[in-house]
Amino acid sequence: VDRGVEMKYQFEQCLKRGKIVRISIDEELIRKELRGAEEDLNSAKHSLAERDMKWAIIQGYYAQFHSIRALVFAKGYREKSHACLRYALEALYIDEKHLPSSILDDFTFAMHTREGADYGCVYSEHDAEDVVKSAGDILDRVKAVLG
């Protein structure tokens, strides 16, 4: 199955189940998400410097989460699950060629890494550095897309 078709289907399923809803576009809401992303990114960098890898991963993931949430809000949608946020990113930005698929790969990696750190206490310095670096990259890309 073509990945794009699969993601479009997943996005539509999220809409159908009420896990993604239509909202009016609110510039202040978008700015609030971007501020949250910046704060989480700064916290993640601080945690990395303090050698607290678990928190660096969690904060780095949330920096990515809030960046991507700003994008989804900008298209007039709001997600109600982390998985559906991922499907919205793919359907609205990756499939439409507004962002490279590497952004989705980074977010997916961060999502799984955060779950491992949060629920399984499984994490590494390398993974923490990777998640925090990609959080900065994603925030920069999101700001560029949103102008």
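**Exercise 1: an aromatic cluster**

Decide whether Tyr61 counts as buried or exposed, then work out how the ring of Tyr61 sits against the ring of Tyr62.

*Solution.* Start with accessibility: Tyr61 has a relative accessibility of 0%, so it counts as buried (buried is under 20% relative accessible area, exposed over 50%, partly exposed in between, with a 1.4 Å probe and protein chains only). Before going on, a word on the ground rules: this is a predicted model, in which local features need pLDDT of at least 70 and side-chain atom pairs count only at pLDDT 80 or more, while totals for chains, interfaces and linings use all residues. Residues are numbered from 1 along each chain as its sequence is written, and side-chain values use heavy atoms, with hydrogens and water left out.

Now the rings. Those of Phe, Tyr and Trp (its six-membered ring) pair if their centres lie within 6.5 Å; planes under 30 degrees apart are stacked, over 60 edge-to-face, and the rest tilted. Five aromatic pairs turn up by this rule. For Tyr61 and Tyr62, the ring centres are 5.0 Å apart and the planes stand at 75°, so this pair is edge-to-face.

Next, follow Tyr62 along. Its ring and that of Phe65 have centres 5.7 Å apart and planes at 70°, so that pair is edge-to-face too. Tyr62 and Phe65 both sit in helix 3 (residues 53-74), three residues apart, or about one turn of the helix. (Helices here are DSSP runs of H or I with at least four residues, strands are E runs of at least two, and both are numbered from the N terminus.) Tyr62 is partly exposed at 25%, while Phe65 is buried at 7%.

**Exercise 2: charges over rings**

Find which residue lies over the face of Tyr77, and which lies over the face of Tyr93.

*Solution.* The test asks for NZ of Lys or CZ of Arg within 6 Å of the ring centre and within 35 degrees of the ring normal. Over Tyr77 you'll find Arg22, at 4.1 Å from the ring centre. Over Tyr93 it's Lys75, at 5.2 Å.

**Exercise 3: two positive phi values**

Locate Arg51 and Lys97, and say what their phi values look like.

*Solution.* Keep the background in mind: most residues other than glycine have a negative phi. Arg51 has a phi near 65°, a positive value in a residue that isn't glycine. Its place is the loop between helix 2 and helix 3, and at 54% relative accessible area it is exposed. Lys97 also has a positive phi, near 65°. Look for Lys97 in the loop between helix 4 (82-94) and helix 5 (101-120); at 71% it counts as exposed.

**Exercise 4: salt bridges**

*Solution.* Side chains of opposite charge can pair when their charged atoms come close. The cut-off is a side-chain nitrogen of Lys or Arg within 4 Å of a carboxyl oxygen of Asp or Glu, and the structure holds nine such bridges.

Take Lys8: it pairs with Glu96, with the closest N and O atoms 3.5 Å apart. Lys8 is partly exposed at 30%, and so is Glu96 at 43%.

Now Arg51 again: its partner is Glu125, at 3.0 Å between the closest N and O atoms. Glu125 is partly exposed at 35%.

Finally, Arg35 and Glu28 form a salt bridge with closest N and O atoms 3.0 Å apart. Bring in Arg31 and you have a network: Glu28, Arg31 and Arg35.

**Exercise 5: the whole chain**

Describe the order of the elements and check the radius of gyration against the globule rule.

*Solution.* Count up six helices and two strands. From the N terminus they run α-β-α-α-β-α-α-α. The radius of gyration is 15 Å, close to the 15 Å from the globule rule for 147 residues, so the chain is as compact as a globular protein of that length (the radius is taken over C-alpha atoms, and the rule is 2.2 Å times the number of residues to the power 0.38). Along its principal axes the C-alpha trace spans about 40 × 35 × 25 Å. Buried residues make up 46% of the 147.
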